[in-house]
Amino acid sequence: MASHRRPKQPGRARVTVLTATAAAAVALTSQAAHADPKASKSEVKEKVDKFYEEAEQATEKYNGAKEKQDKLDQQVTDLQDKVARGQEEINKLRDSLGSLATAQYRSGAVDPSLQLLLSSDPDGYLDKASTLNQVSAKQASTLKQISEKQRVLKQQRQEATGKLKDLAETRKVLGEQKESVQEKLAAAKEQLNTLTAAERAEVVGEKDKADGGKGGDGARAGRDSSRPDLGKDLPTSGRAAAALAAAQGKIGSPYVWGATGPGSFDCSGLTGWAYAQAGVTLPRISQDQANAGTRIYDQSQLKPGDLVLFYGDLHHIGLYAGNGMTLHAPKPGANVRYESMGNMPFQFGVRIG
């Protein structure tokens, strides 16, 4: 006969041991997670910096795709307008031939060629050039105009179709780059949320050292955006001076990916906006701005207002401010500010003529 006795409960001593063991495990886990706060913050900063750099790379690709999309949009619109106007001109020419045919019909003599032209397949007629000698000189001239306009119209339609295809592909790339930026920023935010408010401010750059770790006035400039010692070098031109002055007027403005001012900027958005205030139009993205003037590889030869490019793929750009400092829109979470060029891998400068 089966037993219906209740299973034996663990003794108080055993429960105590299990509870103590679990508590010890939790304590050890907690100690392991917080054993070295400085190392944890350092690790978070490394990850955040990596995500921000990748986000900026994706941002410049997004900017390039956006610029291409805007150009294609305009080209498609222009082509569609041309096609519409061309079709309207052809319709008017056909109408004029129709009026002529009506007059001939009333007089009892409709030209066979006009009958063919006004049939259900008028385009087929235009391939029969031999019939042109059957019409009057005026009619022949009109028919030739129609033929030429149809040829141009066909080319424009084909071009518009190609542009629309390019536009669809560009929009796809644009969406992918936008998603990539958002993913990188979300990953960075997730890492930052593991820190205290003070630690987050330090990691995103509010406490970055503007003098590359040397301390002193440069470091304070990185924190409060005040003017550091920029030396006594003068810009090489009035336009360079005007661009630098415009950018200085935006110190403290937030970095926002894809932004071109005047309230917020990404890196190439700031340089492009600054030079626009000086009457110079620069390309949208940093890689194209790198080809907008004369390159200067010797950092000692830089002058205030020169563009300065960083990283091997040239995904970051700023304005040289003097004394080894750049004025730039650094990264998400940070504002337009001065910073030591030694904080980033300098590639070369560009002097706008």
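Predicted model: local features only at pLDDT ≥ 70, side-chain atom pairs only at ≥ 80, totals over all residues.
I began with strand S1 and strand S6 (residues 346–351): three bridges join them, and they run antiparallel.

Next I looked up the whole sheet. I found an open sheet of six strands, paired antiparallel, in the order S1-S6-S2-S3-S4-S5. Which strands stand at the edges? They are S1 (294–296) and S5 (337–340). Each has a single partner strand, so one side of each lacks a neighbour in the sheet.

I turned to the helices. H8 lies across strand S3 (316–322), strand S4 (325–328) and S5. H8 runs at about 105 degrees to S3. H9 packs on the sheet too, and touches strand S2 (307–310), S3 and S4. The direction of H9 makes about 50 degrees with that of S3.

**Helix against helix**

Last, I looked up how H8 (residues 238–248) and H9 (residues 267–277) pack. Their angle is about 125 degrees, and their axes are 7 Å apart. That angle makes H8 oblique to H9. I recorded their crossing as right-handed.

Which residues make the contact? From H8 I listed Arg239, Ala240, Ala243, Ala246 and Ala247. From H9 I listed Leu270, Trp273, Ala274, Tyr275 and Gln277. I sorted the residues of this H8 and H9 contact by type: eight are nonpolar, one is polar and one is charged.

Terms used: Residues numbered from 1 in each chain as written. Heavy atoms only, no water. Axes fitted to C-alpha atoms, helices over the stretch in contact; angles between N-to-C directions. Helix = DSSP H or I, 4+ residues; strand = E, 2+ residues; numbered from the N terminus. Parallel < 35°, antiparallel > 145°, perpendicular 65-115°, else oblique. Left-handed = near helix turned anticlockwise from the far one by under 90°. Contact = heavy atoms within 4.5 Å. Nonpolar A, V, L, I, M, F, W, Y, C, P; charged D, E, K, R; others polar. Pairing = 2+ DSSP bridges.
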